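Please keep the sequence and the structure in view while reading.

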Amino acid sequence: MAKVLFILTAAHELTLKNGDRIPSGFWAQEFVPPHHIFLEHGHTIDIATPRGKPAALDEDCFAPAFHHHDSGRIANLREQLSDIEAWHTPLSLERLALTGAKYDAIFFPGGYGPMADLICSGAAGNLVKRILASGGLIGAVCHGPAGLVMAQQDGNWLFAGYQMTCFSPQEEQLAGFADTLPELLAERLARLGGELHFGAPDSEHVVIDRQLHTGQNSASVEKLAFAMARRLKKMGSLDKDACGTPCS
């Protein structure tokens, strides 16, 4: 089956316009469900961060308000996350970019952390460019599309003209960060040439254009992951039919 690379943030803090720093990291509910879904479909997973630092978890993702005040859901998410040990000892993005490691898909979970480190990661950009060129799939949810910003060729963004989504400006406003963030991800992607589309706040909204799969928020992550996992499985079946055996 397919080999998938999850890229997580290692940024524990995000600096605001006024110089204040707030805790950041990845959002567990945008990492755990897709990780499970890809494995359930028979795919293998590696996890990487900038310089191979331990991934940064934003503990705010366990706040009761994000789980309908259901303590059982929170405990279940914590337990599922604890079962995924590899995020504590990730691979190095820079090393993967240098060694020419091959993957069939790449996936960027969200959280505000990617706005601090993945948005300026040349290594992440190079890996995205390589997977895109090889016909692989690219997935990102919420603030995860920050990891796509550095995917450029000769000064041109590789996703200019693509239909996509991310955490919406309206959702940033509701979260209380719209006026304090250095920039809104949606505005950055639009300036680069992305064609942004949004659903209602906190509603499931997934946009697929060619090899790019994006989800607006945590509510979108399962639909996004299922779409990618099934497409990868179909791609693997086509390769097997063409070669007689799975193609490498």
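Which residues touch the most other members of the largest nonpolar core? They are F31, W87 and F159, in a core of 76 residues, where a nonpolar core is a set of buried Ala, Val, Leu, Ile, Met, Phe, Trp, Tyr and Cys residues joined through side-chain atoms within 4.5 Å. The model is predicted, and local features need pLDDT of at least 70, side-chain atom pairs count only at pLDDT 80 or more, and totals for chains, interfaces and linings use all residues. Residues are numbered from 1 along each chain as its sequence is written, and side-chain values use heavy atoms, with hydrogens and water left out.

- Leaving out residues up to four places away in sequence, F31 touches F6, L8, F26, I47, L81, I84, W87 and P109, a contact being heavy atoms within 4.5 Å.
- Helix α1 spans residues 32–40, and its buried residues are V32, P33, P34, H35, I37 and F38; buried means under 20% relative accessible area, exposed over 50% and partly exposed in between, with a 1.4 Å probe and protein chains only.
- Helices (H or I, at least four residues) and strands (E, at least two) are DSSP runs numbered from the N terminus, and just after α1, G42 takes a positive phi of about 90 degrees.
- In soluble globular proteins, nonpolar side chains tend to be buried together.

**The open sheet**

- Seven strands form an open sheet with mixed pairing, in the order β5-β4-β1-β6-β7-β13-β12, and two strands are said to pair if DSSP finds at least two bridges between them.
- β5 (91–92) and β12 (206–209) stand at the edges with a single partner strand each, so one side of each is left without a neighbour in the sheet.
- Strand β1 (residues 3–7) is mostly covered, four of its five residues being buried, and β1 pairs in the parallel sense with β4 (residues 44–49) over five bridges and with β6 (residues 105–108) over three bridges.
- V4 stands opposite I45 in β4 and has A105 as its bridge partner in β6, while F6 has F107 as its bridge partner in β6.
- Within β6, A105 and F107 point one way and I106 and F108 the other way, and all are buried.
- β6 runs parallel to strand β7 (residues 137–141), to which four bridges join it, and I138 in β7 is the bridge partner of I106.
- β12 pairs with β13 (residues 212–215) in the antiparallel sense over four bridges, with L212 in β13 as the bridge partner of D209.

**The largest pocket**

- About 1,100 Å³ of space lies in the largest pocket, where a pocket is found on a 1 Å grid over the protein atoms alone, as an open set of points where a 1.4 Å probe fits, with protein on both sides within 12 Å along at least five of seven lines, and lining residues have an atom within 4 Å of a point.
- The volume is the space filled by probe spheres set on the points, which are joined across faces, edges and corners.
- Of the 36 residues that line the largest pocket, W27, Q29, F66, S218 and A219 lie nearest its centre.
- Two or more lining residues come from each of β3 (21–23), α1, α2 (71–82), α5 (169–175) and α7 (221–243), and α1 gives the largest share, five residues.
- The lining divides into 18 nonpolar, ten polar and eight charged residues, where Ala, Val, Leu, Ile, Met, Phe, Trp, Tyr, Cys and Pro count as nonpolar, Asp, Glu, Lys and Arg as charged, and the others, Gly among them, as polar.

**Loop positions**

- S24 is found in the loop between β3 and α1 and counts as buried because its relative accessibility is 2%.
- The C-alpha atoms of S24 and L14 are separated by 5.9 Å, although the two residues are ten apart along the chain.
- Neighbours within four places in sequence aside, S24 is in contact with A11, H12, E13, L14, L57, D58, Y112 and G113.
- Most residues other than glycine have a negative phi, and most peptide bonds are trans.
- H69, in the loop between β4 and α2, has a positive phi near 55 degrees and counts as exposed at 64% relative accessibility.
- R210, in the loop between β12 and β13, likewise has a positive phi, near 55 degrees, and is partly exposed with a relative accessible area of 45%.
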